[in-house]
Number of protein chains: 2
Amino acid sequence: MAKRTSAPIAPALPLDEILEGDCIEVMNALPAGSVDMIFADPPYNLQLQGELRRPNESRVDGVDDDWDRFDSFAAYDGFSRDWLQAAQRVLKDDGTLWVIGSYHNIFRVGATLQDIGFWILNDIVWRKTNPMPNFRGKRFTNAHETLVWCAKSAAAKRYTFNYAATKAMNDDLQMRSDWVIPICSGRERLKIDGSKAHPTQKPEALLHRVLVASTRPGDVVLDPFFGTGTTGAVARRLRRHFIGIEQDPVYARLAQRRIEAVEPATEDTVATTESRRDAPRVPFGWLVERGLIPPGTVLTDQRRRHHARVRADGTLVAADITGSIHQVGAHLLGAPSCNGWAFWHVEERGKAVPLDHFRQQLRATMN
Amino acid sequence: MAKRTSAPIAPALPLDEILEGDCIEVMNALPAGSVDMIFADPPYNLQLQGELRRPNESRVDGVDDDWDRFDSFAAYDGFSRDWLQAAQRVLKDDGTLWVIGSYHNIFRVGATLQDIGFWILNDIVWRKTNPMPNFRGKRFTNAHETLVWCAKSAAAKRYTFNYAATKAMNDDLQMRSDWVIPICSGRERLKIDGSKAHPTQKPEALLHRVLVASTRPGDVVLDPFFGTGTTGAVARRLRRHFIGIEQDPVYARLAQRRIEAVEPATEDTVATTESRRDAPRVPFGWLVERGLIPPGTVLTDQRRRHHARVRADGTLVAADITGSIHQVGAHLLGAPSCNGWAFWHVEERGKAVPLDHFRQQLRATMN
DNA sequence: AAGCCCGCTGAATCGTAGC
DNA sequence: CGCTACGATTCAGCGGGCT
């Protein structure tokens, strides 16, 4: 599947732009069958009532924006049907759609997209390492969100799924339907005057995995609920094209600035692995996904005699070889095997820090 | 919540029996509002058109080469609506319903149960430690199933959730919405002539957690798609009553034998961990009355920033307010409310001991 | 400099018994 | 039924400030 190159792009398609307006109208103005993948993070229809306080009496800043309010399930279903149908039209026949949601809306969205003919390939569970607790002890901690990944129709068998790349990212084990990724916080979280710029900003690591798994470099990715542009930022870094649609001009401008600051990875590092690889014992790809080791990072051995660069799927490229951190290390050493975690280092403030250090960091966040 | 004892059981309710027949008809023959919890593992083969009924009770005649997806989904939705409505009728007002499914059916079931008024409390992800791989490498490994847990209606606030028990089960951390449990295999898997007796037998560990979390000993648990009786076996072990409904007499007999072999745990071991909510109420005045906290005692918060003195009637007096331990604490904090038992402390040998400590002493003497 | 402590925050459908 | 008072309840991670 990953061997095909992208089809020629229709001239009318605005690439790497943010279109302001209602996503249904904007999508209907785009040429049919023109985008490779759609990632959608629609309103969840949370229906929050009243306020919630933490045990220490501080107030939880819930989602109470107008765009998340619907009068009834029927109204929400009508909205879902409308934007999903518009999305289906602009999608190429071999394109795929991702939608993310919570139990408030995802069952309705899933049923609606089945109703209009989308064909579910997987439901993916985003398991949060650091969810908000249930402060009143009335329910289980709501520690995940759900993504639905689907093809345009049951007849569409030729969608893009970079199987080898996802496997390489995951210890050469098949990537599972449950993904462990922290929520977006700290530096990555966009702020305005010290408070969160957008109530529902998604982590870049989530989009990284989505894009590496289901698109190829040069593909066109549409996000009809663009918000602060996480999809666009990750697409640019991974050398995919994006089309963002956002109703709120404040968010649109914020996204624009954010994306402009993104440095695209070099072309060779975003190429997806196409062949089988021998197994690294720990998924180095996760470090890349989380941004601990960005694509393009130069790795060296302890004494800086050997060099290699990191690709988006967690493989390395050196002078005359591409492969896992272990394979490339072994090749350069002329040794039968090599522990890449100990062999490869990242330059940090004049020191060569072994990869294993970063692995431990990641493990610490995953408990 | 766990303080309540089970309501008296209607005489007509068949307990710890397997009822053979169509679950909708059998449920409709049971008294309304009579069961505490329902666990359902409905069929999800969307091509079982011949066995499905439309909402208007007409049978769906499928079985053709040009069967149409929309008819199939509609038929499945009608079937879901029928059994869910029957389940809603037999459920007590403060009862809860669990449904398990995969991406093939869970979105439709979830939307349907919302449509008829069930109120979702959590969606739970059963994360399988040992899922079947995706052999063709066309998708992510489908490594989970989804459970939806809901109350009978949005108005029903008094469902059973053994918060303290679930927390105790999980290293004293809140139980999350993602559960890691192996699939049912090995000895636990029922076999007939060496091959599996039922295609979708669920692990007992899954039912164990469901029952411990959402039922009390003596509760009545109904399973409308009983299969080989995992729900019944675990219910018997945990001293809950069950009602199983199963269409297939072969499965029903298998379940019967299986359950008969189960030894119920002793009563003391199935008691759920008591949460503070369930403990008998002790007014602060009783502590004063008994001399544990003499009138005139000076109370402070943990950091000694606030002070108040105890009066003989169990009220506190601070600089500018008099009232209950909660009222005075809230006033001093400028908070809308305050748990005085945790807020106020007594100086004892240089340590600030919370009032709750003295309450526990008194409770111990009261049995 | 490193480490500890404290405060803040995140897509949240988060009371109830008793009068 | 409405009102009032009681009183139960949090995890991981980041960042700032202090030692």
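How do the residues of the surface near DNA strand C divide into nonpolar, polar and charged?

## Surface near DNA strand C

In this predicted model, that surface has 18 nonpolar, nine polar and 15 charged residues. Ala, Val, Leu, Ile, Met, Phe, Trp, Tyr, Cys and Pro count as nonpolar, Asp, Glu, Lys and Arg as charged, and the others, Gly among them, as polar. A residue is near the strand if one of its heavy atoms lies within 4 Å of it. Of the 42 residues around DNA strand C, Gln47(A), Arg54(A), Tyr103(A), Arg136(A) and Arg189(A) come nearest.

The side chain of Lys138(A) has an N or O atom 3.0 Å from a phosphate oxygen of DNA strand C. A polar side-chain atom of Trp119(B) is 3.4 Å from a base oxygen of DNA strand C.

## Interface of chains A and B

Chain B has 55 residues in contact (heavy atoms within 4.5 Å) with 51 residues of chain A. Four salt bridges (a side-chain nitrogen of Lys or Arg within 4 Å of a carboxyl oxygen of Asp or Glu) are counted between the chains. In one of them, Asp115(B) pairs with Arg108(A), with the closest N and O atoms 2.6 Å apart.

## Basis

Residues are numbered from 1 along each chain as its sequence is written, and chains are lettered from A and ligands numbered from 1 in the order in which they are written. Local features need pLDDT of at least 70, side-chain atom pairs count only at pLDDT 80 or more, and totals for chains, interfaces and linings use all residues, while side-chain values use heavy atoms, with hydrogens and water left out.

Methods
A polar contact is a pair of N or O atoms within 3.5 Å; within protein, one must be able to donate a hydrogen and the other to accept it, and residues adjacent in sequence count only if both atoms are side-chain atoms.
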